[in-house]
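Subject: Structure for you to look at

Hello,

Here is the structure I said I would pass on. Please open it first, and then read the notes below with it on the screen.

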Amino acid sequence: MFIYESVDKPDKTVSLRCAITRLRNPLIGNVSISDADKLKIEKAFELRSELTHFEFNHSHEHIELKFAEIFGFMIFFYRSQLALQTADFIDEAQHNNVIQLVNTRKELLERAKEYIAERDDIIWTCPECSENTFLVSEQQCCFCHRKEQIFDCPTCGAENFEHDLIDISDAFDWAWDEGRTSVQSFGMEVVCCPECVSEAREKIDDIRRSQYDEDMAMEEYHFQKGK
Ligand SMILES: [Zn+2]
Ligand SMILES: [Zn+2]
């Protein structure tokens, strides 16, 4: 229950990013927070706001383990950076609870890594738990069980998380006529992977330019013929 006790204090949402930036500022806090740790803290707050808004769709177990990781980190952080004693900010029962969950998490992670080691599979970093436990072939993380669709980039064919594909349809020519929308996509797909974005946009510009040149030549031809 320590999770919910700590979570249900929405009044304490002092702007997190601001706080981290202040702590890292050599003139104010001068606390060394690595980018990985910063990401952890931000993820923790993300999850917390999801919880307070009841929008989460994670299993109870996953949430508990996630918080164990975060609390484990915070305890370490308070002690090492702020020189606080554990008893100053968490009671013994809660502390034991965290330690137990941290160990459970570690065990489960080891099991997931063993599972991966037995297979010849492509592994990506999971967007949910940030561990290298996402099995591309199963489109699922074998640690936190996050499912994520994987799509081939229509331009280069490389596999990507669906959420990493970028919509480039703003580069198409859109026209609205009497309530109807028509679009000239120049033979391109709506999305492509981050690697292909600039090339795809350039290609659209090239096609648009050559079509314009063609149209101009055509106009000139008809103009000359009509003389
Ligand atoms: Zn995961
Ligand atoms: Zn691509």
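Start at the hairpin of β7 and β8, where two residues lie between the strands and E178 has a positive phi near 45 degrees. Please keep in mind throughout that this is a predicted model.

**The hairpin**

Strand β7 covers residues 173-177, and strand β8 covers residues 180-184. The two pair in the antiparallel sense, over five bridges. One of the pairs to look for is A175 with its bridge partner S182 in β8. Is β7 buried or in the open? Of its five residues, the number buried is zero, so β7 lies largely in the open.

**The three-stranded sheet**

There is also an open sheet of three strands, in the order β1-β2-β3, with antiparallel pairing. β1 (123-124) and β3 (140-141) are at the edges with a single partner strand each, so each has one side without a neighbour in the sheet. As background, strands of a sheet pair through backbone hydrogen bonds, either parallel or antiparallel. Here β1 and β2 (residues 134-135) run antiparallel and are joined by two bridges. Across from I123 you will find L135 in β2.

**Loops around the sheet**

D121 sits in the loop between α6 and β1. D121 counts as partly exposed because 13 other C-beta atoms lie within 10 Å, and a residue needs 20 or more to be buried. Which residues does D121 touch, leaving out those up to four places away in sequence? They are I116, L135, V136 and S137. Of these, S137 is 16 residues from D121 in sequence, while the C-alpha atoms of the two are 7.1 Å apart in space.

Most residues other than glycine have a negative phi. S130, in the loop between β1 and β2, has a positive phi near 65 degrees and is not a glycine. H145, in the loop between β3 and β4 (150-152), also is not a glycine, and its phi is positive at about 70 degrees. S130 has 15 C-beta neighbours inside 10 Å and therefore counts as partly exposed. H145 has 16 inside 10 Å, so it is partly exposed as well.

**The nonpolar core**

In soluble globular proteins, nonpolar side chains tend to be buried together. In this model the largest nonpolar core has eight residues: A112, C126, C129, F134, C141, C142, F143 and C144.

**Two packed helices**

Last, look at helix α4 (residues 60-82) and helix α6 (residues 92-117). Two packed helices are described by the angle between their axes and the distance between the axes. For α4 and α6 the angle is about 115 degrees and the axes are 8 Å apart. Their crossing is left-handed. On the α4 side the contact involves E64, L65, A68, E69, F71, G72 and I75, and these meet V98, L101, V102, T104 and R105 in α6. What kinds of residue make up this contact? Seven are nonpolar, two are polar and three are charged.

Regards

Terms used. Residues numbered from 1 in each chain as written. Chains lettered and ligands numbered in written order. Predicted model: local features only at pLDDT ≥ 70, side-chain atom pairs only at ≥ 80, totals over all residues. Axes fitted to C-alpha atoms, helices over the stretch in contact; angles between N-to-C directions. Helix = DSSP H or I, 4+ residues; strand = E, 2+ residues; numbered from the N terminus. Left-handed = near helix turned anticlockwise from the far one by under 90°. Contact = placed C-beta atoms within 7 Å. Nonpolar A, V, L, I, M, F, W, Y, C, P; charged D, E, K, R; others polar. Core = buried A, V, L, I, M, F, W, Y, C linked by C-beta atoms within 7 Å. Buried ≥ 20, exposed ≤ 12 C-beta atoms within 10 Å, placed from the backbone. Pairing = 2+ DSSP bridges.
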